[in-house]
Amino acid sequence: MDTLTTIISVLYYALIAFIVVLIIYNMIKSKEWKKEIIYIVILLPFLLRLFLLK
Amino acid sequence: MNKSDIVRKILIGLAGVVVFVFSGISFYQHRHLKEPVVISDGVTQVKKLGDYFEGIKGSVNDCNLYFLEGAEPGGTMLVLAASHPEEPAGRLAAWLMAENGNISKGRLILVLSANRSATLVTRPGGAYPPDYTITTPWGGRKFRMGDRWSSPLDQWPDPEVYIHYPSRQNLAYVDVRNLNRAWPGRPNGTLTEKTTFAFMELIRNEKVDVVIDLHEAELQYPVINTIVAHEKGLDLATMISMTISDFEGFSIGTEFSPKNLHGLSHREIGDNSEAISLLFEAPEPFLDATRGITGRKQLLEGKDEFVVKAGKHGLLYAPIDENGWHIDVRVGRHVSTILQTFESWNESNPGKEVVCTGVPRYADIVKNSTGFYLKNPAGVNPLRVKYE
């Protein structure tokens with residue numbers, strides 16, 4: 001069970017990293033400043049989890 | 001993309017970096033705050049939970065176990081604090097006992113961080129303070145505010161449905177990280193299940209007679225100001241309740257531990273060991289759904305105008321007025337209820353007594369404050385200072 005749990009956790013962190021890349025990509029491509037702010041706001045919890053802070 | 005677009009994106013990105021850095025520092029400091037325990041002369045040894053189960057050794061939940069052992073043999077009591085670290089009165093009550101208690105007969109085992117992982121995080125989105133400070137005659141002592149659940153940094157992701165082991169009862173998904181839904185645990189389970197399994201090994205190996213699990217509850221929760229008792233401990237709980245209500249200046253009720261609600265300490269410890277299991281609940285308005293601001297002041301003073309208003313509409317199971325439920329009152333309730341448990345147990349179990357001295361009771365704590373009984377870690381033998 002430990003191995004399975006570790007594999008699932010690693011997959012989730014990989015998923016988080018992928019979403020971080022997507023959000024940053026969309027922020028760069030966005031043409032509206034309001035959307036850019038929203039992208040930054042939703043990026044924060046993903047970054048905090050990715051860096052094992054929260 | 002023209003130049004002004006690039007400048008705007010950089011500025012917004014930098015603002016995000018600033019927020020990330022400041023919040024990250026706050027979360028990091030909270031997770032790594034060291035809380036000193038100036039152990040009393042009555043603490044004869046400090047063990048680790050990992051001494052009882054290899055699977056938890058060295059993990060975030062390999063917590064300290066403070067043993068207070070009397071010169072004379074007797075019974076053994078285990079007090080668990082911080083099963084839910086967002087309920088600080090239980091933790092502070094156990095802290096006072098670890099810093100002031102002496103046992104002349106029998107043994108007392110104190111746990112200040114039963115779910116240590118949950119002491120390292122606060123509820124995401126809850127706007128909880130990361131810590132709180134108890135004022136003492138020599139300054140302030142800072143404690144971590146915690147959460148109800150193990151940190152997702154230590155156990156993640158959660159399943160869609162949590163299937164409790166061994167009952168296979170379906171529980172809320174998030175309770176897979178709830179220590180008080182994970183009893184009796186299993187050796188190959190999640191971190192939280194391994195933690196409860198380790199405690200079960202401790203209870204079985206040390207032949208613990210009574211386990212006390214300290215909690216606080218919102219006033220809108222019906223199980224409050226009470227002792228929840230396994231059927232093996234109903235007589236004991238009733239005696240404690242009657243004596244306290246007569247002599248201590250506050251009242252506390254008793255509740256049956258439901259036989260079909262699994263994972264809770266008052267049910268599973270009693271079912272899976274020789275020990276009697278009791279759970280104490282004190283009121284914490286800070287946890288109520290209708291609360292206002294969740295700041296340090298509200299946490300410690302237990303005041304909340306919105307909860308008072310809910311009371312006026314008959315929505316509460318415990319009384320509250322403008323004076324609130326101060327942390328000293330809540331800590332005092334727990335400490336006196338623990339001491340009364342020893343005394344009531346001793347009356348009906350000759351030869352298995354646990355005699356505790358040096359610990360203040362409810363009236364003392366309300367009069368002098370919790371901080372009055374916390375020791376200054378500076379200037380004492382460093383070997384007598386442990387960290388949670």
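The model is predicted, so local features need pLDDT of at least 70 and side-chain atom pairs count only at pLDDT 80 or more, while totals for chains, interfaces and linings use all residues. Residues are numbered from 1 along each chain as its sequence is written, and chains are lettered from A and ligands numbered from 1 in the order in which they are written.

Helices (H or I, at least four residues) and strands (E, at least two) are DSSP runs, numbered from the N terminus. Helix H1 of chain A, residues 2-29, reaches 41 Å from its first C-alpha to its last, close to the 40 Å expected (1.5 Å times one less than its number of residues). Of the 28 residues of H1(A), one is buried, so the helix lies largely in the open; buried here means 20 or more other C-beta atoms within 10 Å of the residue's own, with C-beta atoms placed from the backbone.

Between the chains, 18 residues of chain A are in contact with 18 residues of chain B, contact meaning C-beta atoms, placed from the backbone, within 7 Å. H1 and helix H2 (33-50) of chain A are the elements that give two or more residues to this side of chain A, and H2(A) gives the largest share, eight residues. By class, the side of chain A that touches chain B is made up as follows.

| Class (residues counted) | Number on the chain A side |
|---|---|
| Nonpolar (Ala, Val, Leu, Ile, Met, Phe, Trp, Tyr, Cys and Pro) | 14 residues |
| Polar (the others, Gly among them) | one residue |

In chain B, Leu278(B) is found in strand E13, residues 276-283, and is buried, with 29 other C-beta atoms within 10 Å. Leaving aside neighbours within four places in sequence, Leu278(B) is in contact with residues including Val210(B), Ile212(B), His266(B) and Thr341(B).

Conventions: Buried ≥ 20, exposed ≤ 12 C-beta atoms within 10 Å, placed from the backbone. Contact = placed C-beta atoms within 7 Å.
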